[in-house]
Amino acid sequence: MASVNLRNVSKRYGDNPEVMRDINLDIQDGEFVVFVGPSGCGKSTLLRMIAGLEDISGGDLLIGDDRMNTVPPAKRGIAMVFQSYALYPHMSLYDNMAFGLKLAGKSKSEIDAAVRKAASILHIDHLLDRKPKALSGGQRQRVAIGRAITREPKVFLFDEPLSNLDAALRVKMRLEFSRLHQDLKTTMIYVTHDQVEAMTLADKIVVLSAGRIEQVGSPKTLYHHPANRFVAGFIGSPKMNFIDGTVSAIDAETVTVQINNGGLQQVCVAARGIQPGDKVCIGVRPEYLQLDSDHPVIKATVSTVEGLGDFSYIYAASASAEEPLISRIPDTLEVADGSQIGFSIKPHHCHLFDSQGEAMPRTTPPTQH
Amino acid sequence: MNSPTREALPAVDSGRPHAASTARHARKSVWTQRWLLSPAVISLLLWSVVPLLMTIYFSVTRYNLLSPDESGFVGLDNYRFLWSDPSFLPSIANTLLLTGSVLLISVVGGVLLAVLFDQEFFGRGIARLLVIAPFFVMPTVSALIWKNMLLHPVYGLLAAAMHALGLQPVDWLGQYPMFSIIMIVSWQWLPFAFLILLTAIQSLDPEQKEAAQIDGAGPFSMFFYIVLPHLKRAIGVVVMIETIFLLSIFAEIYTTTAGGPGTATTTLSFLIYSMGLQQFDVGMASTGGILAVVLANIVSVFLVRMLASNLKGENEQ
């Protein structure tokens, strides 16, 4: 087991400008860290740099106390599970799992013990003499994990391990990952583009965008206190609503915003570097954007209603926001397509972003209703 | 053009509800299938079975164009004569030696070249094209080039090179005829093996290599544990296709050594040519032809045994 530390790590291909730079990240021993971000944000590249499959162009990578920049992958004390599983098709499952140990020159009995142990953890003991092609996707994924476990790594690396599985299996394997982490208590780094996986598995989420770390924090922190507009929009599904406006008044605990083509909205945040007259953006999650025909601050026209059974999502076009507003309402409310509706928001449910997209710190605990 | 549609539609409609008429319909469609297949099957019969039967017939007949008056059924005499022909056994041995050596050279060389050309390097595209080029040269042309421009003891490039080093030039086709033929044929077939194996090597999942890298595989373990097993099927295909063509190599021998000196480079296919078109003995040539078929079948039985499990492999089970 070991911690992983990245110090000013950067990546460039050839003489091109850096695609990643100033990556600073501390991963504690035994932590489950998830890298999440849109495709092309560099999350897989970062993982592959930790694995040693990509060169590190600058900065230091420390696993435990050792600088690992130039150490070959096999000597870094890591094990990796690939998206395509990358099992060796011509070897039995046993040999797949034993391969690394065999190359390391371990004795037959040691290998056997390690393979049997990993197989029993993953409940694949009965499949050991089969070839990978005889297995289902979920079983292959287990073998790939088993191959990682037999190496007894200090750090597990998972590169989108569930994206090739169907939805039901994905939920099941997600639970297994969390169980595995509780059992093994090893440091794990997990890359995904699926924020549900990120939210449910992680002790700590790292949100990346365009080769930069946008924010690092616990799932709750990221959800309730996003550091900027990108993280606010990326975490949470459906997306957070962004409503444009102008600062009209500021006091110690609140900011009052004049919503474009709408009313005045109080927001419970501490003003940082904004003045009355500045353009800002209010963020509010769909569950907190409430239908209100008596005192609406925003007016909108319903374009679509999605009924999901226990509740419905309203998509409504508004002059106050660039993208359609999304509101979650109980399914008992009937809203017709094309009808005019009004929304109001409680001040402590609002996020506020300045024109650069940076968030103002919220002054009220978000859990209060 | 309309009539088949008009006939077919009512048949389907009326056929559905009753099991009996469905069966009749199925029987009818089996005959339709056979009828539709028949042009292909019949032309195949004409192309392969008729010549085979005629060859078998000629092989038990006295049929020499130099003495057309002596003809008729002779039983297995032709086979006995061929067996006692001093060039027969050497020709079988030569055929197997040529086929085996070229297979070995092209597969081993092809795998190594494929691994080499799978690496990134400057000018890889052009280099690949050059490696494949010999395969596009016609067999007679390449044999002539080898004979007159490369191996010739007086004008040849190799002779010039040996002169330059102060060595005595070698008369390759005279002193090492079989070796020279193997060299020429390998030169032609190595690119084929290379091409197939390169495409196979490129289909290797890069994540598999990376997984092996993390498992601690160095270049040699990577080659023997990951790359070579992945190439197994492609190697099987190369061996199969090349064997079929190599058993009947003729043009290279005809243009360079004409089977000589003596019987040093006489293969079975060259022996058949020499009996049929040099000695004008159609009966004996047909006998040789039948034996060539037998030889090809023996080889293919071994090949199929060796490769069958391998070829059906991976995707099934």
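User: I'm looking at strand S2 of chain A; which residue there has Val9(A) opposite it?
Analyst: Val9(A) sits opposite Ile23(A) in S2(A). Bear in mind that this is a predicted model, where local features need pLDDT of at least 70, side-chain atom pairs count only at pLDDT 80 or more, and totals for chains, interfaces and linings use all residues. Residues are numbered from 1 along each chain as its sequence is written, while chains are lettered from A and ligands numbered from 1 in the order in which they are written.

User: How do I read strand pairing, and in what order do the strands of the open sheet in chain A come?
Analyst: Strands of a sheet pair through backbone hydrogen bonds, either parallel or antiparallel. Here, four strands make an open sheet in chain A, ordered S2-S1-S4-S5, with antiparallel pairing. S2 (20–27) and S5 (66–67) are the edge strands, each pairing on one side only. S1 (residues 4–11) and S2(A) pair over five bridges. Strands (E, at least two residues) and helices (H or I, at least four) are DSSP runs, numbered from the N terminus, and pairing takes at least two DSSP bridges between two strands.

User: And packed helices? At what angle do H9(B) and H11(B) pack?
Analyst: Two packed helices are described by the angle between their axes and the distance between the axes. H9 (residues 177–202) of chain B packs on H11(B) at about 145°, with the axes 9 Å apart. Axes are lines fitted to C-alpha atoms, for helices over the stretch in contact (C-beta atoms, placed from the backbone, within 7 Å), and angles run from 0 to 180 degrees between N-to-C directions.
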